[in-house]
Amino acid sequence: SQVLYTFSTFPMKIVLATGIYPPDIGGPATYVRALVEELTKRGMHVTVVTYGKPGTGTQKPGTGMVVVRRSGGPLLRWWRYTRALRTHATDADIVLAFSLVSSGVPLWMTHLKKPKKILRLGGDFLWERYTDCGGMKGLREFYKGFSFQFLALRKWLRPLLLQFDHVVFSTQLQKEVYEGYYKSLPPHS
């Protein structure tokens, strides 16, 4: 959010692209809801694009809410999210994404030029999939592994990272790991 304050010299249109938002529960949903409240207090026009059941998102006055259905598998879901971003983010000043894959892939697919694109990485997609399947290595140890599948996925994620004007890491450890394994990162903090 500190990165946003450097841009906030006038009322801006900000799109928050997230995978979850209340009534869904989880860290990103809570974080984004608090950010919506703070940015709207500061006079920003905020639109939230998220996945869920249409009509279920909690909305604050002055906030646009766009809910994209999760059904149909990742390609159809990303296509719908891409359409929502093209509709609501083309004239935005900033698009702040909260996931490299669930919102980062659709943002990459939009090929938007105007808005500044910022990624807030709260986790690591590859490592989270690994631990979901029972993996026990920590983030740093996981990245030291060199399986073919991991290298291919990392190569696929690189262009997603490079589309952003700035990346905000939630931990120093994650920042160091990415600096070591992803060459040519965008500006980051």
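This is a predicted model: local features need pLDDT of at least 70, side-chain atom pairs count only at pLDDT 80 or more; totals for chains, interfaces and linings use all residues.
The chain has eight helices and six strands. Of its 189 residues, 44% are buried. From the N terminus on, the elements run α-β-α-β-β-α-β-α-β-α-α-α-β-α.

**Helix α2 and what follows**

- Ala29, Val32, Leu35, Val36 and Leu39 are the buried residues of α2.
- They sit on the same side of α2, because they cover an arc of only 130° around the axis.
- Gly27 and Lys41 are exposed, on the other side of α2.
- Gly43 follows α2 and has a positive phi, near 85°.

**Paired strands**

- Strand β1 (residues 13-17) runs parallel to β2, and five bridges join the two.
- Within that pairing, Val15 has Thr47 of β2 as its bridge partner.
- Strand β2 (residues 45-51) is mostly covered, with six of its seven residues buried.
- β1 also runs parallel to β4, joined by four bridges.
- Here Val15 stands opposite Val95 in β4.
- β4 pairs with β5 too, in the parallel sense and over four bridges.
- Val95 has Lys117 of β5 as its bridge partner.
- Strand β4 (residues 94-97) sends Ile94 and Leu96 one way and Val95 and Ala97 the other way.
- Those four β4 residues are all buried.

**Largest pocket**

- The largest pocket has a volume of about 520 Å³.
- Its lining holds 22 residues, and the closest to the centre are Gly19, Phe98, Ser99, Ser102 and Glu128.
- By type, the lining residues divide into 10 nonpolar, six polar and six charged.

**His88 in helix α3**

- His88 lies in helix α3.
- Its relative accessible area is 26%, so His88 counts as partly exposed. That class lies between the buried limit of 20% and the exposed limit of 50%.
- His88 and Val49 are 39 residues apart in sequence. In space, their C-alpha atoms are 8.5 Å apart.

**His111 in a loop**

- His111 is found in the loop between α4 (104-110) and β5.
- Its phi is near 60°, a positive value in a residue other than glycine.
- Most residues other than glycine have a negative phi.
- His111 counts as exposed, because its relative accessibility is 54% and the class begins over 50%.

**Helix α8**

- In helix α8 (residues 172-181), the residues Gln174, Lys175, Val177 and Tyr178 are buried.
- They lie on the same side of α8, because they cover an arc of only 165° around the axis.

Methods: Residues are numbered from 1 along each chain as its sequence is written. Side-chain values use heavy atoms; hydrogens and water are left out. On a 1 Å grid over the protein atoms alone, a cavity is a set of points where a 1.4 Å probe fits but cannot get out, and a pocket is an open set with protein on both sides within 12 Å along at least five of seven lines; lining residues have an atom within 4 Å of a point. Grid points are joined across faces, edges and corners, and a volume is the space filled by probe spheres set on the points. Ala, Val, Leu, Ile, Met, Phe, Trp, Tyr, Cys and Pro count as nonpolar, Asp, Glu, Lys and Arg as charged, and the others, Gly among them, as polar. Buried means under 20% relative accessible area, exposed over 50%, partly exposed in between (1.4 Å probe, protein chains only). The arc is that of the directions from the helix axis to the C-beta atoms. Two strands pair if DSSP finds at least two bridges between them.
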